Structure formats: structure tokens, C-alpha cells
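Here is a short tour for anyone who likes to look over a fold before setting up a calculation. We start with the whole chain and then visit one residue.

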Amino acid sequence: MSPIELDFDSCYRAVAARDARFDGRFYTAVTTTRIYCRPICPARTPSFRNVRFYRHAASAEAAGFRPCKRCRPELTPGDPGWDVRGDLIGRALRLIDDGAADEQGIAGLAKRLHVTERHLHRLFVAELGVGPLAVARTKRLLLAKQLLTETDLSITEVAFAAGFGSVRQFNATMRETYDFTPSELRATAGRVAARVGDAAGPLTLRLRLHRREPYDADGVFGFLASRAIPGLEVADRTSYARAVPGGTITLTDQHDHIALDVAVDDTRQLTRLVGRCRRLLDLDADPGAIAESLGQGSLGPLVAARPGLRVPGTFDGFELAVRAVVGQQISVAGARTLLGRIVARAAAPGGLFPTAARLLDTDLTGLGLTNRRISTLKDLSARLADGRIDLDGGQDPADAVAGLLAVPGIGPWTASYVALRALRDPDAWPVGDLVLDKRMAALDIPHDHIERWRPWRAYAALHLWSSS
């Protein structure tokens, strides 16, 4: 199934079978009800004469369909096809998930991607049938729908949390697109979580983040726990918590989804927080496709032993790059200690990991870092602070890697590790990693097999790391 065209017969068979493997890959719109659904919707399968298939929820909404209240398209895991794409459209969609369009507008989004607004619109229409503005609006509406259904935030709070400029705009857009108002939806929705806290303190709410099964939660949370930075993160094999601007987040495995507990002063961050948490936990991956590719050869026993293995991402690209530099040629425990010292000295207000500009101005001597390592961190910080390198989605991954390699003290291993976790490159391979070399030798896997694992070499690396 290509990213542009959908095969009608294949889509219809998936809908008739309620095949979860296709959840998020397309949406089914029913012409008689004017409703669009996920492929797994429990409603009776509509006649093939009455259905249309759309690549993106925004395309269905632009055609005049509204989301189903039973299967709730707002809970759909992200499309794995877009998740692994490093081209301009894939990067633009990730930046929209990160709230870039809400904060900077479509003109700002295009500038971040170094293209004209007109060119960006043309590419979106060619791929999705709608422009980036429609995609951003659908993202806001679906998040608002989830907040109205799952929380007790007021209508006003929901409007601003979802990225709308005013309650009036929110009501009008909801009525125009969905044919019901926020208050009408709330009146018919059963809330599964409630707002906690008083008006003077942070708003606390819980949202469900859905994923594709199987999901190796123990592996993901264990990986993050072993690398948790003191003073910034707290994690174990079932949960992960950290400081974020204006508050904290906690992610907890709930067996069939991830619970995201947010306590922040400003809910307008919510779009960004949700997008970054999904990437941190690799919730949009397609475990079936990965296992089918990697499970047939020398990695077969490892893949069978860890079904649903994911590649943990990062909450912030610069933070991950600093982790990679500090962790060069030392143990994970040693890197945690040094990173904890950096946070203790340079943390931004609220205990946040320092920004590139802040770290650039911080004296890093006396922390146990070598002079060469300090020089590398300073150079890296300068390049991110002035925009020469963008590790949060705006820059072409190949250009970002080239920018990293231009930093004295950053070699192929560090750049590929950043690509693996921060740039979300599913084919990144940590070149020269000693643990990977030892595991492959122990398992009698020749190095020429690395090429056979494309385009999922990042997942192959995680299988080998987790087997040690």
C-alpha cells in the first residue's frame, strides 16, 4: 500500500476482518452516515458501495465526514508509514504533532523546513489531498475530542489546550466540522478520568496513548530507567517521569495502552507533550512489519524472545545529543553520573535539562569531563543554538547527521546513535559499537548480515543490546 494511493479491495478486506495491523494506515468513510472510522471499528461492516478510503483523518474531514464516536479516531496510533519517513512530508507531520503549526503558523512551519509555504502546500495536497493547515486543524480537533471525552477540563481549558485561539473559534470549528458543539459532545461522552487540583495550582489530567501490539513495555521502560538522569528523570520497568516546562509528566504502562499523567501550569503545551511522549516510547512503530523482516534470519531467536521490541526515542533532541557525547567510551552508569552533575549545575528553571544556549554559557569544568569533551559539548551547543543543526524534526536527517559529524569530537558512533534515537531513523546502525560487536560474535553472526537487516537496523541493534 503506497503512501499516496489506497487499494480499495485490500482496504475493504482489512475493514471486514477488523485487522488491527491496518489501524492508523487509513480511514473508512461511510457515505450514508457521513462518518469516518478506524479499520477496527466494531460497527457493522458497511456495504462496499457506500465506503471511501482516506490516507489521513484530515482528508476524510475535508471531504465532509466526521469522526466515529465508537472507534474514536483520535485514539489511533500514528501511521507507521509516516513515522519512519525522513522526507519533507514526514518531517512536516512530526512538526505538526509537535505543535509547530499552532505556535508559528503554516508560514513558520515552512520556514522551519526551509521551503516556501506554497511548495509545502503543494506537496501536502499531492500526498494527502489536503494542505498542512487542514492537517493541523484536524490534529487540534481530535485532541480536543479526546480531552472532552476523557477529562473534566472546562470547555475553555480544552480549547486552549488543543491549540485554538479562542473558545468562539473552537465552538465554531467543532460545529462546522463535526456538526456538534463541545458541550453537546461532553453531554453524551462518558469521562474515564477527571481533573485533579485547584485553580491556583497546575492542571493535572490523564490521557490514554494507544500503541500497536505487541508492545515490549518492560524493554522500553527498562532502557529508560537504566539511563535516567538524577534530578531530571525517575523511572522503573513500568513507569517514567520527568520535568517538563511548567510541570511534570508521568508515563505508565497499562497493559493495553500508556497512561500519560500531565501536571503543568499551561495546557497549551499538551499537543507537544503528547507528540514527544509518543516518540519517546516509539508508540507508532509497526511491530508486525519489523518482526517479519528481522525474524527470518540470524536474529530470529532474538525477535521471537522479545516480541514488540521498540527503539526508545527522546524527549528532546539536544538532550539526546549531549547524552551521546557524554556517554562516549564510558559505562551507562558513569554517563548518568556525569549527566546528573551537568543538570545540577546548568539546569533551566524548573529543573529542566539545559537548552543549547544555556549550556553554551555554563562553566563545565570540575564535573569530571575531559577538556576535549567539554570542547565538543560547547561546539555542539553553539551549532544547535544558532540553528545550524536541528535535532527536533525540522532538518533533513542526512543533513543533521552531517552537521553532527562536523563537530570535533563527534564520530560515526555518536552521530548514528543520535540518528537512531533523536532523528527516529529506523535504519540507523551504531557504527563501531563494542557491545554490538561482542553480541554478534557470541551469536556467530557475520558482519555482512548487518546489510540484510535494512531498513530496520535500529531495531536489530536494540535486539542485540537487549540480549546481552
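Accessible areas here come from the Shrake-Rupley method with a 1.4 Å probe. On that basis, the accessible surface of the chain is about 19600 Å², and carbon and sulfur atoms account for 53% of this area. Please keep in mind that this is a predicted model.

**The chain as a whole**

The chain holds 22 helices and nine strands. Its radius of gyration is 22 Å, which agrees with the value near 23 Å that a compact globule of 468 residues would have. Some further overall values are collected below.

| Property of the chain | Value |
|---|---|
| Box filled by the C-alpha atoms, along the principal axes | roughly 65 × 55 × 45 Å |
| Share of the 468 residues that count as buried | 55% |
| Contacts joining residues at least 24 apart, among those between residues at least 6 apart in sequence | 67% |
| Separation of the mean positions of the 61 positive and 54 negative charges | 2 Å |

**A closer look at Ala356**

Let us now turn to a single residue. Ala356 lies in helix H17, which spans residues 356–360. Is Ala356 buried or exposed? Its relative accessibility is 9%, and buried means under 20%, so Ala356 counts as buried.

Which residues does Ala356 touch, leaving aside those up to four places away in sequence? They are Phe318, Ser381, Leu384 and Ala385. As for Gly108, 248 residues from Ala356 along the chain, the C-alpha atoms of the two are separated by 21 Å.

Terms used
Residues are numbered from 1 along each chain as its sequence is written. This is a predicted model: local features need pLDDT of at least 70, side-chain atom pairs count only at pLDDT 80 or more; totals for chains, interfaces and linings use all residues. Side-chain values use heavy atoms; hydrogens and water are left out. Helices (H or I, at least four residues) and strands (E, at least two) are DSSP runs, numbered from the N terminus. The radius of gyration is taken over C-alpha atoms; the globule rule is 2.2 Å times the number of residues to the power 0.38. Buried means under 20% relative accessible area, exposed over 50%, partly exposed in between (1.4 Å probe, protein chains only). Contact means heavy atoms within 4.5 Å. Lys and Arg count as positive and Asp and Glu as negative; His and the chain ends are not counted. The place of a charge is taken as NZ of Lys, CZ of Arg, CG of Asp or CD of Glu.
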